[in-house]
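Okay, thanks for having me, everyone.

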Amino acid sequence: MKVCYNKFFKLLIDRGIRKMEFAKMAGISQNTMARLSRNQNVSLDVLGKICCTLDCKINDILEFISESEDGKII
């Protein structure tokens, strides 16, 4: 399973918040924002900060994508 943060970035766009502006608001690093942009794993602490800052639930910012055995997204 892969994680996808497209919902998070769409939420930022819908609310008119820039990535680096949000990073400062939430108290997360630019490196963490880069990891989110590349759909890499981040800590549960980071996800909690995002949800608290945006006043949303975890399923509002991420989704899991299934992969087949050969690594292709299904």
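Predicted model: local features only at pLDDT ≥ 70, side-chain atom pairs only at ≥ 80, totals over all residues.

**A walk around the chain, with a stop at H2**

Let me start with helix H2, and with what sits over its buried residues: the cover includes helix H1 (6–15), helix H3 (30–37) and helix H4 (44–54).

Which residues of H2 are the buried ones? H2 takes in residues 19–26, and the buried ones there are Phe22, Ala23 and Ala26. Now look down the axis of H2: those buried residues fall within an arc of 105°, so they line one face of the helix.

Okay, zooming out. How many helices and strands does the chain have? Four helices and two strands. Reading from the N terminus, the order is β-α-α-α-α-β.

On dimensions, the C-alpha trace spans about 40 × 20 × 20 Å along its principal axes. The chain has 74 residues, and 32% of them are buried.

What about contacts along the sequence? Take the contacts between residues at least 6 apart: 57% of those join residues at least 24 apart.

The accessible surface is about 5100 Å², and carbon and sulfur atoms account for 51% of that. For side chains, we've got 12 positive and 9 negative, with the centres of the two sets 7 Å apart.

If you want one picture to keep, take H2, with Phe22, Ala23 and Ala26 buried and helices H1, H3 and H4 among what covers them.

Key: Residues numbered from 1 in each chain as written. Heavy atoms only, no water. Buried < 20%, exposed > 50% of the residue type's maximum accessible area, 1.4 Å probe, protein only. Arc of directions from axis to C-beta. Contact = heavy atoms within 4.5 Å. Areas by Shrake-Rupley, 256 points an atom, 1.4 Å probe, with all protein chains shown as cover. Lys, Arg positive; Asp, Glu negative; His and termini not counted. Charge placed at Lys NZ, Arg CZ, Asp CG, Glu CD.
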